[in-house]
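Here is a quick tour of one protein chain, written for someone who would rather look at coordinates than at cartoons. Have the viewer open and follow along.

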Amino acid sequence: MSFNVISAQDIPTTTTRITKTFPLRTALQQLQIGEAIEVAYDTADEEFGYKATTISQVAGAMSARSETIRYSVKRKPDGTGCYLIANAKPAPGTEKKRGRRSTKKAEVEA
């Protein structure tokens with residue numbers, strides 16, 4: 001079997017696909033520490049809303065990429081959406097690690 005060899009310049013350019021979360025990611029990138037945006041859930045706004053899990057995934061991914069900002073999600077009291085808040089990331093090594101708490105009973109037995 002043989003393949004035709006062509007120049008890379010002869011390959012037509014393709015447009016990039018814009019995902020549904022692109023506007024959300026763009027809005028998060030523009031936030032400064034201490035600012036927040038309001039995001040609707042898809043049950044409240046079918047056209048411009050997002051699933052709660054999607055919002056959490058985007059916030060987590062954007063936090064991991066940023067060296068200075070951590071995005072947190074706070075649910076709105078009426079349940080129609082949430083707030084995405086830009087917080088300062090703590091310096092490396094200063095944040096407490098999560099883990100199991102020691103109980104008095106376990107300390108006494110040891």
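Let's start with a strand pair: E2 and E3 are antiparallel partners, held together by seven bridges. Keep in mind that this is a predicted model. Within that pair, Arg70 has Asn87 of E3 as its bridge partner. The E2-E3 hairpin has five residues between its strands, and one of them to look up is Gly79 in that hairpin, with a positive phi near 80°.

Zooming out a bit, E3 also pairs with E1: five bridges join the two, again antiparallel. Here Glu38 sits opposite Tyr83 in E3. Put together, the three strands make an open sheet with the order E1-E3-E2 and antiparallel pairing. E1 and E2 are the edge strands, each pairing on one side only. On average, neighbouring strands in this sheet are turned by 25° against each other, ignoring direction.

| Item | Value |
|---|---|
| Strand E1 | residues 36-40 |
| Strand E2 | residues 69-75 |
| Strand E3 | residues 81-88 |
| E1 and E3 | five bridges |
| E2 and E3 | seven bridges |

Now for the helices on the sheet. H1 (residues 22-29) lies across E1, E2 and E3, and runs at about 165° to E1. H2 (residues 52-65) packs on the sheet too, touching E1, E2 and E3, with its direction at about 165° to that of E2.

Which residues touch the most other members of the largest nonpolar core? Out of its 16 residues, those are Leu24, Leu28, Ile37, Val39, Ile55, Tyr71 and Leu84. The core draws at least two residues from each of H1, E1, H2, E2 and E3. H2 is the top contributor, giving four residues. For a closer look, pick Leu28: beyond its neighbours within four places in sequence, Leu28 is in contact with Ile37, Val58, Met62, Tyr71 and Leu84.

Two strand residues are worth a click each. The first stop is Ser72, in strand E2. Its side chain makes a polar contact of 2.9 Å with the side chain of Asn87. Setting aside residues up to four places away in sequence, Ser72 touches Tyr83, Leu84, Ile85 and Asn87.

The other stop is Ala86, which belongs to strand E3. Is Ala86 buried or exposed? Ala86 counts as buried because its relative accessibility is 1%, and the cut-off for buried is under 20%.

Finally, the whole chain. There are three helices and three strands, and from the N terminus on the elements run α-β-α-β-β-α. The radius of gyration is 22 Å, well over the 13 Å that the globule rule gives for 110 residues, so the chain is more spread out than a compact globule. Along its principal axes, the C-alpha trace spans about 75 × 40 × 30 Å. Of the 110 residues, 22% count as buried. As for contacts between residues at least 6 apart in sequence, 53% of them join residues at least 24 apart.

How values were computed:
Residues numbered from 1 in each chain as written. Predicted model: local features only at pLDDT ≥ 70, side-chain atom pairs only at ≥ 80, totals over all residues. Heavy atoms only, no water. Polar contact = N/O pair within 3.5 Å; in protein donor to acceptor, adjacent residues only side chain to side chain. Contact = heavy atoms within 4.5 Å. Pairing = 2+ DSSP bridges. Axes fitted to C-alpha atoms, helices over the stretch in contact; angles between N-to-C directions. Core = buried A, V, L, I, M, F, W, Y, C linked by side-chain atoms within 4.5 Å. Buried < 20%, exposed > 50% of the residue type's maximum accessible area, 1.4 Å probe, protein only. Rg over C-alpha atoms; globule rule 2.2 N^0.38 Å.
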